[in-house]
Amino acid sequence: MKKQIHIVPNSDRGGWDAKRPNAERASKHFENKQEAIDWSRELAKKEGLEMIPHRKDGQIQNPNSYGNDSCPPKDTKH
């Protein structure tokens, strides 16, 4: 299983959480989504994680891989 960090809305406290799969607690809580994305992106780059942001309704939105991608793009020019 690939290592991941999810950015999810926190329904209890408001704001957004950066959370690992199957974790009971969030790695870190943020007041707004952009702060959560910025922090998670740096962590993902450092640890080679897949960053998976979610919308307020829980739907996944534009995931990014920062490690060894199991399906790398064939177009190496871009």
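Biologist: Which residues make up the largest nonpolar core?
Modeller: Happy to walk you through it; bear in mind that this is a predicted model. Nonpolar side chains tend to be buried together in soluble globular proteins. Here the largest such core has eleven residues: Ile-5, Ile-7, Trp-16, Ala-18, Phe-30, Ala-36, Ile-37, Leu-43, Ala-44, Leu-49 and Met-51.

Biologist: Which element supplies the largest share of this core?
Modeller: Strand 1 (4–9), strand 2 (16–19) and helix 1 each give at least two residues to the core. The largest share is four residues, and the element that supplies them is helix 1.

Biologist: Is Ser-40 buried or exposed?
Modeller: Ser-40 sits in helix 1, which spans residues 33–47. Its relative accessible area is 0%, and the cut-off for burial is under 20%. Ser-40 therefore counts as buried.

Biologist: Good to know! Which backbone oxygen does the side chain of Ser-40 reach?
Modeller: Beyond its neighbours within four places in sequence, Ser-40 is in contact with Ile-5, Ile-7, Ala-18 and Met-51. As for the oxygen, the Ser-40 side chain comes to 2.8 Å from the one on the backbone of Ala-36.

Biologist: What kind of aromatic pair do Phe-30 and Trp-39 form?
Modeller: A search of the whole structure turns up one aromatic pair, with Phe-30 and Trp-39 at 5.8 Å centre to centre and 50° between the planes. Phe-30 is buried at 7% relative accessible area, whereas Trp-39 is partly exposed at 29%. Planes under 30 degrees apart would be stacked and over 60 edge-to-face, so this pair is tilted.

Terms used: Residues are numbered from 1 along each chain as its sequence is written. This is a predicted model: local features need pLDDT of at least 70, side-chain atom pairs count only at pLDDT 80 or more; totals for chains, interfaces and linings use all residues. Side-chain values use heavy atoms; hydrogens and water are left out. Rings of Phe, Tyr and Trp (its six-membered ring) pair if their centres lie within 6.5 Å; planes under 30 degrees apart count as stacked, over 60 as edge-to-face and the rest as tilted. Buried means under 20% relative accessible area, exposed over 50%, partly exposed in between (1.4 Å probe, protein chains only). A polar contact is a pair of N or O atoms within 3.5 Å; within protein, one must be able to donate a hydrogen and the other to accept it, and residues adjacent in sequence count only if both atoms are side-chain atoms. Contact means heavy atoms within 4.5 Å. A nonpolar core is a set of buried Ala, Val, Leu, Ile, Met, Phe, Trp, Tyr and Cys residues joined through side-chain atoms within 4.5 Å.
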